[in-house]
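Please keep the sequence and the model in view while reading.

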Amino acid sequence: MKTMTEKKFEVDLLRGPILKAMLVFAVPLFFSGVFQQLYNTMDTVIIGHTLGGALILRPFLELLHTPVQIMEQAYAYISTITVFIGVMFAYNLCAGLLRAIGNSVMPLVFLILSSLLNIVLDFFFITKLSMGVQGAAVATVIAQGVSVLACLVYIGKKADILIPKRTHFIWDRELYQEMLAQGFSMAVMSSIVHAGSAVLQSGINSLGYLVIAGHVAARKLFMFLMMPYMAVSQTVSTFVAQNYGAGQMGRIRRAVRYSYLCGAVLTALISLVTIPLAPVMVRLLSGSSEAVVIENGALYLQVVAPCLMILALLNPTRFALQSIGNKILPVISSVIELIGKYLFVAFLIPNFQYMAVIFCEPVIWAFMDLELLWAFWANPKVCAGKSEE
C-alpha cells in the first residue's frame with residue numbers, strides 16, 4: 001500500500017482528463033531539463049568560451065577541424081566527462097525509473113540539488129583551484145554523483161516497487177528479447193543522431209573561431225528553448241507506453257494531438273520573445289562584443305525559433321512510435337538526419353557559409369516529419385483507436 005506522500009508525486013496517466021495529466025507530468029520534466037542544461041551553461045559562463053560539442057577525444061576533435069586555440073580545453077573537458085560517463089548513465093536510469101511510475105517531481109528535486117552544487121563547485125574548482133575547463137568537468141561529475149545517491153536513497157525508502165526481487169530475475173526469453181531489441185534500436189538511433197551532430201560540427205569548425213563562439217552561445221540558448229518541447233515529448237513517451245500497455249489507443253491519439261497543440265502555443269510564445277531579444281541574449285551569454293559573434297548567434301536564434309514548430313511535430317511522434325514498439329521507423333528518421341547533415345556540410349556550407357548552418361536542421365526536420373507523421377498516423381495500431389474517440 002502506497003502512502004499519501006508517495007501518491008501525491010505520482011500522476012495517473014491512464015484515467016481522467018488527458019491534457020491536465022500531461023501538463024502536470026510535463027512541468028517537472030521541463031524544470032529538470034532547465035537545471036540539467038545549467039550544468040553546461042554555467043561552465044560556459046564561468047570559463048568564457050569552451051567548446052560545446054560531442055563526447056569524443058583528441059583524434060576526433062582533430063578530424064572535426066577543431067581550432068587549435070580551443071583544442072586543449074576541449075580535450076581536457078571531454079576526456080574527464082568520458083571517464084565518468086557511468087555516473088550520468090546511473091542518474092538517467094534512476095530518474096527514468098521514477099518517471100516510469102508517474103513520478104516526475106522527485107527527479108527534479110534531486111536535479112535542482114545537484115545543479116546548485118554544480119554551480120558552487122564550478123566556482124571553487126575554476127576560480128579557486130585554477131583548474132579551468134577540467135575543473136568544470138570534475139564539478140559536473142561530483143554533482144551528478146550526489147544526485148544518483150539521492151535517487152537511490154529515495155527509491156529504497158519510498159519507491160521500493162522499483163527494487164528488483166529474486167523472482168524478477170527468472171528467465172523470460174520473450175521479455176528480454178523485446179527489451180534488447182528496443183534498447184538496441186534506441187542506441188542505434190542515438191548514435192546516428194550524435195554522428196550527424198559531429199558531421200555538422202566539422203562544417204561549423206571550418207568557419208573559424210568567431211563563428212564557433214557565436215554558434216556555441218546560440219546553441220546554448222537554443223537548448224533552453226528546447227526544454228519545454230522535450231518535456232512534452234518525454235511526457236508523450238511515458239503516456240503512450242502506459243496507455244499502450246492498457247490497450248487505450250484512443251487516449252494515445254488524443255494525447256499526441258494535444259502535444260502538437262502545446263507545440264504550436266510554445267512556438268508562438270518563444271518566437272515573440274526570442275526574435276527581438278536574440279542579440280541581447282547572445283551578448284549576455286557569450287560575453288563577447290564582437291559583431292560577428294553577436295550577429296551570427298542572433299540570426300541563428302531568429303530563424304530557428306519559428307521553426308521549432310517542425311520539431312514540435314517530430315519529437316512527440318518519434319517518441320510515440322518507440323513507445324508502441326516500433327523499432328525501425330524512428331531509426332530511419334535518424335538516418336535521414338545524418339544524410340541531410342552530410343549533404344549540407346559537403347555541398348552547402350562551403351558555398352553559403354553560416355547561413356547554411358542556420359537552415360540545416362530546420363530543413364532536415366521537415367523531411368523527418370514527413371516520414372514520422374506518415375509512420376505514426378498510418379500505423380494500424382494507432383488507427384485502431386479511432387472508434388474510441
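In this predicted model, the second largest pocket is lined by Leu23, Ala26, Val27, Phe30, Pro228, Ala231, Val232, Cys262 and Leu266, and three elements, α2 (18-47), α9 (209-245) and α10 (249-286), each give two or more residues to that lining. The volume of this second largest pocket is about 160 Å³.

- Helix α2 provides the largest share of the lining of the second largest pocket, namely four residues.
- Sorted by class, the lining of the second largest pocket consists of nine nonpolar residues, with no polar and no charged residues.

**The second largest cavity**

- Rolling a probe the size of a water molecule over the atoms shows where empty space is left.
- When the whole structure is searched, four cavities of 30 Å³ or more are found, and the second largest cavity holds about 50 Å³ of space.
- The lining of the second largest cavity is made up of Pro228, Tyr229, Val232, Ser233, Ser259, Cys262, Gly263, Leu266, Leu311, Ala312 and Pro316, with α9, α10 and α11 each supplying at least two of the lining residues.
- By class, eight residues of the lining of the second largest cavity are nonpolar and three are polar, while none is charged.
- Pro228, Val232, Cys262 and Leu266 belong to the lining of the second largest pocket and also to that of the second largest cavity.

**Salt bridges**

- Side chains of opposite charge can pair when their charged atoms come close.
- The structure contains four salt bridges, and one of them joins the side chains of Arg15 and Asp12, with a nitrogen-to-oxygen distance of 2.9 Å.
- In that pair, Arg15 is exposed, at a relative accessible area of 54%, whereas Asp12 is partly exposed, at 34%.
- Arg219 is paired with Glu361 in a salt bridge whose closest N and O atoms are 2.7 Å apart; this pair links distant parts of the chain, since Arg219 lies in helix α9 and Glu361 in helix α13 (residues 354-377), 142 residues apart.
- Glu361 counts as buried because its relative accessibility, 9%, falls under the 20% cut-off, while Arg219, with a relative accessible area of 23%, is partly exposed.
- Glu361 also meets the side chain of Lys341 in a salt bridge, at 3.4 Å from N to O; here too distant parts of the chain are linked, with Glu361 in helix α13 and Lys341 in helix α12 (residues 329-352), 20 residues apart.
- Lys341 is buried, its relative accessible area being 2%.
- Through salt bridges that share partners, Arg219, Glu337, Lys341 and Glu361 are joined into one network.

**Thr317 in helix α11**

- Thr317 is located in helix α11 (residues 291-323), and Thr317 is buried, with a relative accessible area of 0%.
- Where does the side chain of Thr317 find a backbone oxygen? A polar atom of that side chain lies 2.5 Å from the backbone oxygen of Leu313.
- Once neighbours within four places in sequence are set aside, the residues in contact with Thr317 are Tyr260, Leu372, Leu373 and Phe376.

**Ser333 in helix α12**

- Ser333 belongs to helix α12 and counts as buried, at 0% relative accessibility.
- The backbone oxygen of Pro330 is reached by the side chain of Ser333 at a distance of 2.5 Å.
- Which residues does Ser333 contact when neighbours within four places in sequence are left aside? They are Arg318, Met368, Glu371 and Leu372.
- Ser333 and Trp365 stand 32 residues apart in sequence, and their C-alpha atoms are 9.1 Å apart in space.
- Leu372 is in contact with Thr317 and likewise with Ser333.

Methods: Residues are numbered from 1 along each chain as its sequence is written. This is a predicted model: local features need pLDDT of at least 70, side-chain atom pairs count only at pLDDT 80 or more; totals for chains, interfaces and linings use all residues. Side-chain values use heavy atoms; hydrogens and water are left out. On a 1 Å grid over the protein atoms alone, a cavity is a set of points where a 1.4 Å probe fits but cannot get out, and a pocket is an open set with protein on both sides within 12 Å along at least five of seven lines; lining residues have an atom within 4 Å of a point. Grid points are joined across faces, edges and corners, and a volume is the space filled by probe spheres set on the points. Ala, Val, Leu, Ile, Met, Phe, Trp, Tyr, Cys and Pro count as nonpolar, Asp, Glu, Lys and Arg as charged, and the others, Gly among them, as polar. Buried means under 20% relative accessible area, exposed over 50%, partly exposed in between (1.4 Å probe, protein chains only). A polar contact is a pair of N or O atoms within 3.5 Å; within protein, one must be able to donate a hydrogen and the other to accept it, and residues adjacent in sequence count only if both atoms are side-chain atoms. Contact means heavy atoms within 4.5 Å.
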